[in-house]
Amino acid sequence: MINIVLFGPPGSGKGTQAQNLIEKFNLKQISTGDLFRFNMKNDTELGKLAKSYIDKGELVPDQVTIDMLVDELRKPTDAAGFIFDGYPRTAVQTEALEKIVKEELNDEIDVCLSLIVEDKILVERLLKRGETSGRSDDSNEEIIQNRIKEYYTKTAEVAELYKQQGKYVEVNGVGEINEISQKLFAEVEKIK
């Protein structure tokens, strides 16, 4: 089984590369954003609980997110592993994910792949995407800069934990999509 934490700031191509990794290695993507939307849309108990916090403008407690992750990991799948996207974002969440993967899958996180792209390029990419995406957060340079800064602030401690474990790998996220995919594939091949 292959278990990957995928990092990348907004505009790094993380979504595209996640799809390429999924297809190449038969992985299942677990996105916390998708889990929240699914649970709230389907009015599950966890969805109702998450919504009760969101409606008050509060952050959803880690335990609710953890419970959603556990539920997702318990669903039958023929995937050869998982890509965790959007989680973990803190040291506490990193430790929780390690524990979940050990208890639910009898496995561990194999690698944290981090797409590295200069901020200037990220801004250019997002502004270009904003021309066609219709996303307001992709068309305002100040908001884009904030999102990038917030990403680095939040993920720094997680990256540090994976570095200490020798599981953190930076991959240049600039170039042809296929070239970047090949670099990511090579890193995953090392752990297979």
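Predicted model: local features only at pLDDT ≥ 70, side-chain atom pairs only at ≥ 80, totals over all residues.

Biologist: Okay, what makes Glu-187 count as buried?

Modeller: Buried means under 20% relative accessible area, exposed means over 50%, and partly exposed is in between (1.4 Å probe, protein chains only). Glu-187 has 18% relative accessibility, so Glu-187 counts as buried. You'll find Glu-187 in helix 8 (residues 177-189). Helices (H or I, at least four residues) and strands (E, at least two) are DSSP runs, numbered from the N terminus.

Biologist: And which residues does Glu-187 touch, not counting residues up to four places away in sequence?

Modeller: Glu-187 touches Leu-113, Val-169 and Val-171. Contact here means heavy atoms within 4.5 Å.

Biologist: Why is Pro-88 called buried?

Modeller: Pro-88 has a relative accessible area of 0%, so Pro-88 is buried. Pro-88 lies in the loop between strand 3 (81-85) and helix 5. Leaving aside neighbours within four places in sequence, Pro-88 is in contact with several residues, including Val-5, Phe-7 and Tyr-162.

Biologist: What about Leu-59, is that buried or exposed?

Modeller: Leu-59 has a relative accessible area of 78%, so Leu-59 is exposed. Leu-59 also sits in a loop, the one between helix 3 and helix 4.

Biologist: How do you know that Leu-59 and Pro-88 belong to a "binding site"?

Modeller: That comes from UniProt: an unreviewed entry places the feature at a set of positions, among them Thr-32, Leu-59, Pro-88 and Arg-147. The positions are spread over 116 residues of sequence and also in space, up to 28.4 Å between C-alpha atoms. UniProt positions are given in the numbering used here, feature names are shortened, and annotations may be inferred rather than shown by experiment.

Biologist: What makes Asp-138 and Arg-129 a salt bridge?

Modeller: A salt bridge is a side-chain nitrogen of Lys or Arg within 4 Å of a carboxyl oxygen of Asp or Glu. For Asp-138 and Arg-129, the closest N and O atoms are 2.6 Å apart, so the pair falls inside the cut-off. Asp-138 is buried, with a relative accessible area of 0%, whereas Arg-129 is partly exposed at 32%. Arg-129, Asp-137, Asp-138 and Arg-147 are linked in a network of salt bridges, and the structure holds 14 salt bridges.

Biologist: How do you know that Glu-103 and Lys-99 make one too?

Modeller: Their closest N and O atoms are 3.9 Å apart, so they pass the 4 Å limit. Glu-103 and Lys-99 are four residues apart in helix 5 (residues 91-105), so about one helical turn separates them. Glu-103 counts as exposed at 55% relative accessibility, and so does Lys-99 at 52%.

Biologist: What puts the buried residues of helix 3 on the same side?

Modeller: The buried residues of helix 3 are Leu-46, Gly-47 and Ala-50. They cover an arc of only 100 degrees around the axis, which puts them on the same side of helix 3. The arc is that of the directions from the helix axis to the C-beta atoms. What covers these residues includes helix 2 (32-41) and helix 4 (62-74).

Biologist: Last one: why are strand 1 and strand 4 said to pair?

Modeller: Two strands pair if DSSP finds at least two bridges between them. Strand 1 (residues 2-7) and strand 4 have four bridges, in the parallel sense, so they meet that rule. Strand 4 (residues 111-116) is mostly covered, with five of its six residues buried.

Technical notes: Residues numbered from 1 in each chain as written. Heavy atoms only, no water.
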